[in-house]
Amino acid sequence: MSSSFQQEDEFKARLDTGLWLKLFRRALHLKRYLYPLFFAAILIASCDAAFAHITRWAIDGVVRDGLKANFTGYISAYLAATLLLCGGVWLFIELAGNISNRLAHDIRRDGFDKLQELEFGFYDTRPVGWLITRLTSDCDRLARIIAWGFLDIVWGTSYVVMIAASLLLMNWKLGLIVLAVLPPLALVSKMFQRKMLLSAREVRKFNSQITASYNESIQGVRTTKTLVREQENLAEFEQLSSQMFAAAVTNARQSALYYPIVMTLGSLAAGLALWRGGWLALNDALSLGTLVAFIQFAGQFFNPINQMARILTEMQGAQAAGERVMGLLATEPKIKDSPAVKQRLAETASRRATQPALSVIEGMTIDTRTLAPDGGPHAIDRIEFRDVTFRYENGPVVLDRFSLTVNAGETIALVGPSGGGKSTIVSLVGRFYEPTEGQVLINGVDYRERSLAWFQGQLGIVLQTPHLFKGTVRENIRYGRLDATDLEVEAAARLVNAHGFISALDQGYETEVGENGNRLSTGQKQLVSFARALLADPQLFVMDEATSSIDTETEQLIQRGLETVFHGRISFVIAHRLSTIRRASRILVISKGKIEESGTHEELLARRGHYHALYTSQFRREREADVIAGG
Amino acid sequence: MFAQFHVLWQLMRGQRFHYALALGSLVLATAFTYLVPLVGSATIDYAIAGRSPLDASPLLAALLALLGGAETVRTHLWIATLAMVALTGIGGVFTYLKGRLASLASDGIARRLKNELYDHLNHLPASHHDRADTGDLVQRCTSDVETTRQFLAVQVMEIGNAFILAATALPLLLSLHVPMTLISFALIGPIIAYGYIYFARVKHIFKSVDEAEGALTSVIQENLTGIRVVRAFARQDHERAKFARPNAAFRDRHLRLLRLMSWYWSISDFVALSQLGLTLLVGARWVATGELTVGMLFAFVSYLGMMLWPVRQMGRILTELGKTSVAVARIKEILAVAREPEPDARPDGDPVLHGALSVRDLRFNHGGNIPALNGISFDVAPGETLAILGPSGAGKSTLMHLLLRLYDYTEGSIRLDGHELSRLPRKAVRRQIGVVMQEPFLFSKSLRDNLRLGRVNAPDHEIEEAARAACIHDSITTFDQGYDTLIGERGITLSGGQRQRMAIARAVLKRPPLLILDDALSAVDGETESMILDALRKRHGRATTLVIAHRLSTLAHADRVLVLDQGRIIQTGTHAELSAVDGLYRRLWQIQTSVEADFQRELPAG
């Protein structure tokens with residue numbers, strides 16, 4: 001999967017008009033740009049065609065009347081056509097630009113919206129880079145094709161029609177002769193455009209391989225040096241750069257061939273006009289001006305035909321991108337509020353708007369402020385897994401008839417081999433996935449019957465490599481509760497022992513954490529994410545403990561911070577460090593989707609089973625690390 | 001501007017012949033294309049309108065003669081048709097040649113630049129790579145080379161084309177009619193100046209659009225990589241608002257650019273068409289007075305049609321010359337960094353080594369106040385396994401980098417079999433050493449090809465043996481395509497432990513006299529580690545091995561242990577010697593026995 005976003009789309013042999021109409025329909029609300037663009041396109045085509053007519057008129061006039069010819073008329077006609085054309089050019093860039101940019105903006109907004117709703121399963125199979133490409137270059141490309149393609153097709157069609165009409169009206173026989181060049185011209189254009197598009201892709205493909213190759217060679221430069229691979233690497237790279245060279249030269253050859261061929265075809269048309277038209281002129285059946293106009297028109301076909309062939313080819317090339325973007329917009333989230341929940345959300349909202357805080361519901365006086373937006377109780381007293389079986393789409397069973405009850409105030413430590421199902425349990429708790437079979441219950445109610453947004457709002461999550469957003473430390477902590485004051489932010493940081501290290505940073509709370517928080521260490525990122533979670537005051541706390549080594553001092557800070565976070569909440573921790581494990585009220589050894597052992601630290605040690613073995617090796621490792629670090 | 005042309009001239013080295021041919025073809029192509037309207041012009045004037053051929057300008061007269069004379073053309077008009085098509089065809093052949101030759105030249109230069117850069121990057125000192133930003137380097141090697149290539153392929157030819165057009169059209173038209181020529185070229189200068197000034201001034205707007213796009217992409221990326229956090233705090237609305245700003249900013253800045261472009265193109269269209277109109281109208285008046293023939297006017301208008309497009313591009317091209325010279329400068333900056341210095345190759349070739357290592361008074365400073373290595377001395381006999389132990393920052397990795405000659409030591413000495421390392425070619429030293437790092441780098445090739453990097457001509461059965469020794473063979477055979485499975489971007493992802501074992505197999509295959517394991521088994525469980533270390537001892541009974549260790553199980557396999565702290569050796573000896581004295585080694589060893597005792601204490605009574 002990770003490779004697919006690097007690859008180019010396949011070329012679609014058939015144009016899917018349905019898809020393009022669907023895309024075009026999205027542009028329909030931009031009427032105030034679309035309609036004028038239609039007229040601008042026709043206006044430009046008319047001006048383009050008018051010039052040859054003016055030439056004809058002027059030449060005939062001068063030949064006939066000499067100095068008495070209507071020069072003011074020619075000048076004004078030419079000037080008018082020029083001004084109109086320039087106005088048209090200004091208009092179409094302005095209008096098509098507006099359509100293309102506004103359309104891209106809107107598709108991008110809708111796509112982004114959709115991504116905020118889709119479940120994590122959707123993300124599992126699509127790398128971030130792939131999704132970014134959909135929202136950036138795909139959106140821009142499709143919008144550009146829609147806007148400029150619309151312009152080119154309207155302009156091209158009307159231009160060709162006008163040239164053809166002019167030719168036929170001036171002299172239909174001669175016109176037909178010249179028009180005979182049109183079909184081969186269109187055919188050749190279409191064929192070459194397709195070839196050039198495909199070979200340009202080939203070039204881009206090699207180019208991205210070359211980029212990857214540079215990347216690899218720089219990142220692996222020490223390995224290259226120690227294996228003394230410089231010569232061999234260069235030989236491999238030279239092969240790649242030669243392939244790109246060959247592809248680029250092929251692409252250039254195709255366009256070098258294309259233009260002479262269509263030019264010759266244009267020349268043929270002009271030549272035919274000269275031949276037959278000249279003969280007619282000699283017999284006074286055609287004026288000199290008309291003859292010149294014919295030759296000029298014959299040479300003008302190339303431009304609109306070329307543009308239309310190009311845009312149609314581009315549409316074929318962008319079809320896969322169109323399918324992906326429209327596919328994204330049409331995807332429905334698999335995890336969302338059921339209709340019943342939606343209805344309750346609406347009812348509760350209207351009741352809150354109309355009734356006082358204390359109201360009588362079903363015979364009981366209830367403080368509606370203690371209710372969740374879906375009308376259920378706000379407090380979470382118990383989480384229960386009831387016979388939960390889970391598998392990722394078509395994958396093997398990860399969790400097998402798993403049952404567990406956790407009450408408020410309890411901390412559950414999950415330990416066991418990787419791939420045993422610990423992360424799955426945690427994801428199911430957060431309703432980032434839903435059970436394949438069985439139920440997860442909140443206070444005895446299936447959580448699918450509660451509001452998703454409310455429930456996930458009750459979660460505090462700290463991941464193994466905690467994610468921070470670009471911005472300051474303060475902004476990152478405040479992400480937990482957007483309306484928190486500076487004092488509250490700092491209070492949360494103090495509670496989890498993060499205040500000390502934050503104050504020691506160059507700019508304290510205003511320090512930029514960098515992309516993904518990379519300017520902080522893993523331990524520091526965890527402390528910040530504790531503060532963030534604490535500020536949100538979640539009822540459920542979920543943590544995937546970092547496995548990488550953290551220095552002893554930070555480790556102690558983290559442990560004391562954890563104490564604050566765990567207090568009074570339901571917590572699930574995928575635990576690696578002994579200090580965290582020992583702090584849990586219950587330890588579950590998870591292996592192969594089942595609970596192998598369960599109990600307190602002392603109970604499990606005494607049993608001398610899996611936990612004992614796990615604990616011993618971890619204990620030894622931590623001790624060794626301590627001793628070595630101590631020097 | 002002259003300096004910029006000089007840079008381009010330098011770049012064209014090796015391809016100047018191609019360029020000369022391409023320009024030659026261009027001249028011919030242009031010449032033939034010129035003749036086409038002339039045929040039309042001559043035919044209309046002398047064969048159809050019936051003017052006397054005696055009035056014709058020399059060029060038209062010659063052309064007419066070539067076609068067989070006015071009378072023949074009048075009765076056989078198809079001759080003119082044929083001539084037009086043939087001339088366009090011949091011109092087309094040269095146009096084709098021009099395109100092909102220009103591409104051979106420019107793509108050839110791009111290929112040479114890429115190869116040079118690639119090779120150069122591989123030979124830069126490791127210390128340079130420590131500081132350099134990968135993304136920036138890659139950008140220079142790809143985008144900047146592409147900018148240069150485009151200029152060399154398209155713009156260079158367009159500049160040449162414009163010069164040749166002007167140089168050939170001017171005398172031709174002047175020979176037809178001098179005042180008319182002056183009028184036809186009246187607005188050409190202003191058009192070029194307008195384009196140049198315009199594009200120079202909108203450069204910063206192009207940049208601001210690029211920046212807006214970058215900002216947009218980074219907001220999307222931030223959101224998608226942190227999507228779990230977004231959901232965990234139910235911050236979808238906040239994120240939508242955060243996204244709306246850059247999304248709108250990108251749209252609006254782009255629109256601003258387009259607004260400027262629409263003015264540019266419509267005004268330059270207007271000036272260009274005014275030029276055409278001026279020519280047409282003045283020409284028409286002169287035709288009326290008999291000063292000019294219809295055919296001559298036709299020729300002027302046709303030439304102008306050819307000239308206008310390249311001339312309108314000229315302003316843009318000149319601004320792009322500036323962009324290209326910046327790109328070339330960025331490329332040259334990389335090539336200007338000195339490669340790793342090499343002593344002269346030894347006349348007797350690389351020495352064959354047996355792995356006797358001797359380090360004396362070695363000191364090294366990374367540039368800070370505290371030296372990374374502060375005078376260490378030790379010897380390792382061929383075939384001996386030495387474990388190096390110490391906290392992070394003790395100087396273990398620095399020592400390894402000096403052995404590999406990734407850094408150059410300036411004080412003290414390192415000798416392999418009596419040869420001072422700094423006097424041997426780097427590659428000769430590295431060929432003698434197999435190294436496995438904690439986070440080994442594997443290339444995106446098949447597993448087999450990755451292992452074979454150790455020894456290029458290793459037969460398949462030796463590759464398998466090496467894989468077995470590193471306990472990775474069984475994992476490899478579970479993959480669908482076994483040893484041919486691709487890893488990396490286009491293939492599967494290996495776990496940390498699998499990568500380490502791959503790197504060990506790769507080093508084993510190399511059969512070096514000196515093997516260095518830098519915490520190379522940290523992600524492998526204790527049992528597997530034991531198996532691997534045993535296998536290494538059996539296979540490489542005579543290879544000298546340095547093991548940087550972070551746990552006791554690794555130490556158990558060493559003949560001797562060296563404890564390093566703050567760049568100094570604080571303890572050294574065999575297991576028996578070190579167990580007898582207090583120190584890091586003994587404390588570590590004692591954990592083994594204390595673990596059980598600690599458990600007993602923790603367990604509830606009973």
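Tutor: An angle between two elements is taken here between their N-to-C directions, from 0 to 180 degrees, with axes fitted to C-alpha atoms and, for helices, over the stretch in contact. The model is a predicted one. With that convention, helix α18 (residues 522–536) of chain A runs at about 180° to β8(A), and helix α18 of chain A lies across both β8 and β9 (540–544) of chain A.

These two strands belong to an open sheet of six strands in chain A, ordered β8-β9-β10-β5-β11-β12, in which the pairing is mixed. At the edges stand β8 (459–462) and β12 (594–599) of chain A; each has a single partner strand, so one side of each is left without a neighbour in the sheet. From one strand to the next, the twist averages 20°. Strands of a sheet pair through backbone hydrogen bonds, in either a parallel or an antiparallel sense. Within this sheet, strand β5 (residues 411–415) of chain A pairs with strand β11 (residues 586–591) of chain A in the parallel sense, over four bridges. Along these strands, Val415(A) stands opposite Val589(A) of β11(A).

As for the surroundings, chain A also touches chain B, in a contact that takes 121 residues from chain A and 117 residues from chain B. On the chain A side, the largest share, 31 residues, comes from helix α9 (residues 230–282) of chain A. By class, that side of chain A has 67 nonpolar, 35 polar and 19 charged residues.

Technical notes. Residues are numbered from 1 along each chain as its sequence is written. Chains are lettered from A and ligands numbered from 1 in the order in which they are written. This is a predicted model: local features need pLDDT of at least 70, side-chain atom pairs count only at pLDDT 80 or more; totals for chains, interfaces and linings use all residues. Two strands pair if DSSP finds at least two bridges between them. Two residues are in contact if their C-beta atoms, placed from the backbone, lie within 7 Å. Ala, Val, Leu, Ile, Met, Phe, Trp, Tyr, Cys and Pro count as nonpolar, Asp, Glu, Lys and Arg as charged, and the others, Gly among them, as polar.
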